[in-house]
Amino acid sequence: MALTPAMQNEINRRRTFAIISHPDAGKTTLTEKFLLYGGAITLAGAVKGKKNSRHAVSDWMEIEKQRGISVTSSVMQFQYEGFCINILDTPGHQDFSEDTYRTLMAADSAVMVIDASKGVEAQTRKLFKVCVMRHIPIFTFINKMDREARNPYDLLDEIEYELGIKTYPMNWPIGCGRDFKGVYDREKKEILAFTLNGGQREVEATEASLDDASMQERLGEELYQTLRDDVELLDGAGSEFDLEQVQKGQLSPVFFGSALTNFGVEPFLESFLQLTSSPLPRQAEDGVVDPFDPGFSAFVFKIQANMNKAHRDRIAFMRICSGRFEKGMEVLHVQGGRKMKLSQPQQMMAQSREIIEEAYAGDIIGVFDPGIFSIGDTVCSPGMKVKFEGIPTFAPEFFCRVQQKDTMKRKQFVKGIAQIAQEGAIQIFHDVGSGLEEVIVGVVGTLQFDVFKYRMENEYNVEIRMENLPYQYIRWIDNADIDLKKLNLTSDTKKVQDMKDRYLLLFANEWSIRWAQEHNPTLELAEFSR
Ligand code: G4P
């Protein structure tokens, strides 16, 4: 069956993007303002209550409590001016950059929120770099201009230097903090003046040209002159706005604004929607899948257990890559080689989860997972024969040995650790030939350990003991038939197996890797699992 023009229109109007920022930069506030404009919520502050703590782990735990109702519930959909927008939330700390990377796999573009007083912070450097690695269009929103901010030129330089991506300011701030007067829209050549009204900040902005005499009066001589000089400098710098570079992820359009005071958010959203594309084609093993292909296809990019603690459910999130999904339709789970119906298909709409009747390419759906899906799996219309390229796993850099404190809790221990590993929240290994009595957990960032421990205790009711191990590097052994006993290794190198019983080596330093290679010429080591 071909797609009808109405279905094509549905796909065309979709925009799917990830939102990424360091904690506290204003991601939640910005998202909330988007939802407000789209009419998905009617009251600012409705999405998220006040946070109790500023610490990233407790932040995550707080998110745990709010799951399903908060903005951090992974994905939300809303409508705005004819567009159907899917926002994918990402964790705001680089220790979870692998999770961010997986989410970015499901997005067609990313919005990066930066705090104007802080710039690119150390703890998010890696996170933002992950964004650049994906080569998707990145739009930057420099937030909190109503507070004291760093020099805008310095902020742009920092983004360019830290992330290795060019920037193009779409608008330019006029002052900051108490002196924040608005922004200059470079394309429209207009000033969007920020209005202060008896101490109350107003949402409405006044538009006027740079030559408008009233503006000079309003901005004050100094700011007006600085703006004129800045505009001359920016226009004279000669760098043209290049949409092709934006689409390749080489140039980031930058917008200045203030999410809290609602300033510059709507112009940003409008410009962003015009510059981003409808769902993009996706690479599969045997070629590219077009979103307008009438066959339904999707891949799993995220699995989350215990979304609803009362039901102990496990949800697999899928990005639809082509065609249309219909509730009750039969699909093929490619990796499992099984035909099935996706049960309880749902979408997040602002504050609620809703069972859906249909969804289109670009959309994200969550389905109930009885434990059959893995990250990267493909589902498609039977007969479509498509398998999307897998999602790479990051090599863990921190390891610890984990044991349960109470030996009576073995069942829960094994279940918890295996489920959390299936979600991709940790990677697990065990000693050669032994089971999961004692497990080695590997992570990319140490905060993952804290979250893992918290979840084992709170979701699976198992107290655990964790002991740090000195390893820093991991290599999979690619040789099909290997006699581990014959390997010549340094005494601090450890042989382990992963969940699929493949053999690997854990190394404490690079010197030990070189030793292994030099003393075992036939040994084939791989940095990533296949
Ligand atoms: P996050 O999701 O990126 O972690 O940030 P979030 O939106 O929660 O914002 C962090 C803090 O920054 C919040 O204040 C929020 O009100 C404030 N904020 C966001 N955007 C702006 C802005 O444009 N200007 C100013 N001045 N502040 C902004 P909080 O008091 O720490 O949190 P809450 O108690 O309001 O939740």
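Modeller: Two strands count as paired if DSSP finds at least two bridges between them, and in this predicted model strand β1 (residues 14-21) is joined to strand β3 (residues 83-89) by 6 bridges.

Biologist: Which residue of β3 is the bridge partner of isoleucine 19, and do β1 and β3 run parallel or antiparallel?

Modeller: In general, strands of a sheet pair through backbone hydrogen bonds, either parallel or antiparallel. Here β1 and β3 run parallel, and isoleucine 19 has aspartate 89 as its bridge partner in β3.

Biologist: In what order do the 7 strands of the open sheet lie, and which strands stand at its edges?

Modeller: The order is β2-β3-β1-β4-β5-β11-β6, with mixed pairing. β2 (75-80) and β6 (166-169) stand at the edges, and because each has a single partner strand, one side of each is left without a neighbour in the sheet. Neighbouring strands of this sheet are turned against each other by 30° on average, direction ignored.

Biologist: Which strands does helix α6 lie across?

Modeller: Helix α6 (residues 152-163) lies across β4 (109-115), β5 (138-143), β6 and β11 (251-256), and runs at about 155° to β6.

Biologist: Which residues touch the most other members of the largest nonpolar core?

Modeller: That core holds 63 residues, and those touching the most other members are Met112, Ile142, Ile159, Ile191, Leu227, Phe256 and Phe301. Helix α5 (residues 122-133) supplies the largest share of this core, 5 residues. A second, separate core has 28 residues, including Phe17 and Tyr168.

Biologist: What is phenylalanine 256 in contact with, leaving aside its neighbours within four places in sequence?

Modeller: With those neighbours left aside, the contacts of phenylalanine 256 include Ile142, Met145, Pro152, Trp172 and Val183.

Definitions and conventions: Residues are numbered from 1 along each chain as its sequence is written. This is a predicted model: local features need pLDDT of at least 70, side-chain atom pairs count only at pLDDT 80 or more; totals for chains, interfaces and linings use all residues. Side-chain values use heavy atoms; hydrogens and water are left out. A nonpolar core is a set of buried Ala, Val, Leu, Ile, Met, Phe, Trp, Tyr and Cys residues joined through side-chain atoms within 4.5 Å. Buried means under 20% relative accessible area, exposed over 50%, partly exposed in between (1.4 Å probe, protein chains only). Helices (H or I, at least four residues) and strands (E, at least two) are DSSP runs, numbered from the N terminus. Contact means heavy atoms within 4.5 Å. Axes are lines fitted to C-alpha atoms, for helices over the stretch in contact, and angles run from 0 to 180 degrees between N-to-C directions.
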